[in-house]
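User: I'd like to learn how to read salt bridges and the nonpolar core in a model. Can you walk me through them?
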Amino acid sequence: MEFVEFLKTLDDPLKFYIHYSLKKIGLDLEGLEEEGALAAISKAVGPHIAELLYGMYLEARAAKKEILLVSA
């Protein structure tokens, strides 16, 4: 799972907040490229929230790997 895809799977209130914040700076969640996604999110919602979101992404990615390892 990529970071942008993770952002799209968040619960609605958080996803709406990110979408609104990106829209205020002229960006869209659908148009984000993976390479610049963290920088764009950081600019839109602030570096502390972006860091928290990226940490959540890394945890979700690690959990998915654990599930795949257990099921294999």
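Analyst: Happy to. Keep in mind that this is a predicted model. Let's begin with a network of salt bridges that links Glu5, Lys8 and Glu30.

User: What's the general idea behind such pairs?

Analyst: Side chains of opposite charge can pair when their charged atoms come close. In this model, a search of the whole structure turns up three salt bridges.

User: Which residues does Lys8 meet in salt bridges?

Analyst: One partner is Glu5, at 3.6 Å from N to O. The other is Glu30, at 3.4 Å from N to O. Glu5 and Lys8, by contrast, are both in helix 1, three residues apart, which is about one turn of the helix.

User: Is Glu30 buried or exposed? And how do I judge that for the other two?

Analyst: Look at relative accessible area. Glu30 is at 58%, so it counts as exposed, since the cut-off for exposed is over 50%. Glu5 has 43% relative accessibility and therefore counts as partly exposed. Lys8 is also partly exposed, because its value is 25%.

User: Where is the salt bridge of Lys15?

Analyst: Lys15 pairs with Asp12, and their closest N and O atoms are 3.7 Å apart. Both residues lie in helix 2, three residues apart, about one turn of the helix. Asp12 is partly exposed at 41%, and Lys15 is partly exposed at 23%.

User: Now the core. What should I expect in general?

Analyst: In soluble globular proteins, nonpolar side chains tend to be buried together. Here, the largest nonpolar core has 17 residues, and those with the most contacts inside it are Phe3, Leu7, Ile18, Leu22, Leu32 and Ile41.

User: Which elements give two or more residues to this core?

Analyst: Those are helix 1 (3-8), helix 2 (12-24), helix 3 (37-45) and helix 4 (47-71). Helix 3 provides the largest share, five residues.

Note on methods: Residues numbered from 1 in each chain as written. Predicted model: local features only at pLDDT ≥ 70, side-chain atom pairs only at ≥ 80, totals over all residues. Heavy atoms only, no water. Core = buried A, V, L, I, M, F, W, Y, C linked by side-chain atoms within 4.5 Å. Buried < 20%, exposed > 50% of the residue type's maximum accessible area, 1.4 Å probe, protein only. Helix = DSSP H or I, 4+ residues; strand = E, 2+ residues; numbered from the N terminus. Salt bridge = Lys/Arg side-chain N within 4 Å of Asp/Glu carboxyl O.
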